[in-house]
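Try each one before reading its solution.

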Amino acid sequence: MPLKSKDLLGLESMDASEIGLILDTARPMKEIFTRSVKKVPTLRGKTVVNLFYEPSTRTRTSFELAAKRLSADTLNISVRDSSVVKGESLIDTAKTLEAMNADFVIIRHSMSGAPHLMARHAKFSVINAGDGAHAHPTQGLLDMFTIREKLGRIEGVKVLIVGDILHSRVARSNIWGLTKLGAEVSVAGPATLIPPQIERLGVKVCYRIDDVIGDMDVIYMLRIQLERQRERLFPSLREYTKLYGIDMARLRLAKPNVLIMHPGPMNRGVEISSEVADSMSSVICEQVTNGIAVRMAVLYLLGRGG
Amino acid sequence: MKLLIKGGRVIDPANKVDRVSDILVESGRIKKVSSNIKAGTSKVKTIDASGKVVTPGLIDMHVHLREPGMEDEETIASGTRAAARGGVTSVVCMANTNPVIDNQAQVDFILLKAKDEGVVNVFLVGGVTKGLRGEELSEIGELKGAGVVAISDDGNPIMNTQIMRQALEYAKMFELPVISHCEDLNLSRGGAMNEGYMSTVLGLKGIPKEAEEIMVARDLRLARMTGGLLHIAHVSTAGSVDLIRGAKRNGIKVTCETAPHYFTLTEEAVSSFDTNTKMCPPLRTRDDVQAIREGLADGTIDCISSDHAPHLDVEKDQEYALAPFGIIGLETILPLIVTELVDKNVLVLSEAIAKMSVNPARILGLNRGTLSQGSVADITIIDLDLAKTIDDKFASKSKNSPFIGRRLNGFAVATIVEGEVVTQG
Amino acid sequence: MDPKRIVMDKEEMARAIKRMAREIIEKARGAKDLAFIGIQTRGVYLAQRLAKEIVKAEKGKIPIGILDITLYRDDLTNIARQPVVKETDIPFDITDKRVVLIDDVLFAGRTIRAALDAIIDFGRPKSIQLAVLIDRGHRELPIQADFVGKSTTTTLAEEVLVRMEEADDIDQVMLIGKEG
């Protein structure tokens, strides 16, 4: 097998060469989008199931398109309209999908470790599309692909991730992937939203963006969720935006060719202003395109072993 | 019926005995402990204990037997069988059954059932508060009369400080220890594992050490204030050990226990999301494991108990955050003590045995835990060199153990309760 | 025992390529509407060399496309080696063009079948012809080359190794017997 495991559960256990292989494979996948027939027969006849316990249009459609462009058959199961709501356990769902000979199950779940539980009980390949606050490996991969495409490299690139790091699986996957490939990662956010001992993952912590923004090659804005304010983790959205949001004034403090990234969906006017989101520095739309290419690469590489 | 145990290394910490000796048991009591006992002419069952260690029957003072209410997970019958297999002759059973043990009728029911179906001694802990809700004291006097040996809301902390104060004051009258489950629910809410590096990596909500330590500090102050008998359950952090050590030095009446997983495993075990690593308090860091070992060595921690908490596969086989807390422990407590403490020179054997014999007996006022002449013949025979890899074939109805697959040595080869051999081999 | 045999040296290769270029032009009656698609990797170098010959002769440039057929293979699960997907770049519209598909070795024919599937997805060429440097026989599909540098008999136990200066610092075609 080109990748060590039948599943893609997280970047933490992967080595730099596996990550590099996925990024290298995503490039020729991207070329397919420019053809008039945006399809190759590689996964023809394979069944790819999107099992989403949390709502998501973006990631789900990205995976769906990735599978379809590889000629696979796709199936979308979202919790609200399935037997899961009636209380079917994750393991029973896995057995049901196995009985239907699914080849890949892409799972997004609100609890850390859910994809691992599923992978232990099923023969199909499990792809983690986000589990609780633990990991979102394909997001990390597409973000790295975007950085490499725009800046030519990842090693030595200075990345600042801003926002609710505590609850962010996107931040964790990016931290694992970027540090493995040699980037210098810093995180910034209110102290109540920075997880304990995060420095042990190889990142610097700072609380004032303006102090460090001039050094950064990439500024990665995380979405702030309104529920967190209700949990009293920070006093108000207004204060959050003032201290940690990025607007044109703050953007001007950064390097002229800085990349502004966001996993989406954006809270325009909260963590990112509309002007910045639509500025030349923003590569947010390219992240979306690259997402499909990276997910095609993952399906292809996991599918090869048969 | 007479029982003669020949040639074993007899370790009886209560009487400061550690030498090769024979033991003669008659009518359920210890008749004589000396070398070269001749059994006489009447019917005698002889056990050759040469090369083995013979100790007072082990007392596990923190066990959840799940009957009534959760008999799928465990019953008095299966739980006591598990105890016997583990070399434990007395289990002290917690009150958080369904319904809870907070009145005489419940106590009577369980003691009766234990008499009929239990294969080892069952001692009961009554609830401090009605329904374990932490709001009103239960009829503690009545519970004492019915035969409980301690009171505890374990499973739950008593968050209301005034109630905990009153419990200590009131129970003092009956010489009942109050066993405290120290956890600040506001700090621990939603947590599934220790708060720290691993919880950050795994994206799981953490339970900070302070959730335990703050309540330990509170309870120690209340113990000083009231003079009540405080016993702190399942100590898991270095900070808790320090607080208790300091309190003892200052003459506060407090005792405490820990469980084998807190001197063996760390939070790193959670990395595979195996829910058999999920219990409350959670597995902590290496520094805490080290501190627990030191606390055992210098006497700060008086007892070792399993906190045996059976759960079914279907309950544990869930997302980590949803799985219930708890692991079984009756069948692994002894070999873990031998392998992780005695063989690693943290404790000498007699100190280790004391943690499960004379110490819990003294704290709970049980007339067990010794091999004195005339005492009840609860005896455990241990083969220190017998090594096994723990598999999932337990006498317990449940299999939720993180030690499956681990190689341990120091297993009980015979368990004797009131002079009767309950398990052998 | 020397299991190696040189099937083509540098001079023979150059002569074969020159001849193939002439044949292609002859059959097509001129370079108009011609387009080359080279299969990664050595098919691409071959296509570039053929195009150069044609430029010399006809003074007309032929568009060259690069095609990686890994994603179209029918035997993905059988490949032991890394499934590295390389670049595909066909920077022109192939509709109505007379495409010459170019590869270094024609063997079972499965690579060509995959390439045909890929090309059809790009558009509707007027015709597709096949040019290969070496035809080693043992076809598994009804595929034939229109232009061949050299035909050579081989056994299934042998391997044909094509080396080209662009990647291997030597121009040579070798036949290697598998060690028994």
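Two exercises with solutions follow.

This is a predicted model, where local features need pLDDT of at least 70, side-chain atom pairs count only at pLDDT 80 or more, and totals for chains, interfaces and linings use all residues. Residues are numbered from 1 along each chain as its sequence is written, chains are lettered from A and ligands numbered from 1 in the order written, and side-chain values use heavy atoms, leaving out hydrogens and water.

**Exercise 1.** Work out the strand order of the open sheet in chain C, then find what packs on it.

*Solution.* 
- Step 1: the order is E3-E2-E4-E5-E6 (chain C), with parallel pairing. Strands are DSSP runs (E, at least two residues; helices are H or I, at least four), numbered from the N terminus, and two strands pair if DSSP finds at least two bridges between them.
- Step 2: E3 (64-67) and E6 (147-151) of chain C each have a single partner strand, so one side of each lacks a neighbour in the sheet.
- Step 3: five bridges link E2 (residues 34-39) of chain C to E4 (residues 98-106) of chain C; Ala35(C) has Val99(C) as its bridge partner.
- Step 4: helix H2 (residues 42-58) of chain C touches E2, E3, E4 and E5 of chain C (contact: heavy atoms within 4.5 Å).

**Exercise 2.** Describe how H8 and H9 of chain B pack.

*Solution.* 
- Step 1: the axes of H8 (residues 238-249) and H9 (residues 286-297) of chain B come within 8 Å and cross at roughly 30°. Axes are lines fitted to C-alpha atoms, for helices over the stretch in contact, with angles from 0 to 180 degrees between N-to-C directions.
- Step 2: that makes H8(B) roughly parallel to H9(B) (angles under 35 degrees).
- Step 3: H8(B) contributes Ala238(B), Val241(B) and Arg245(B) to the contact.

Technical notes. Angles under 35 degrees count as roughly parallel, over 145 as roughly antiparallel, 65 to 115 as roughly perpendicular and the rest as oblique.
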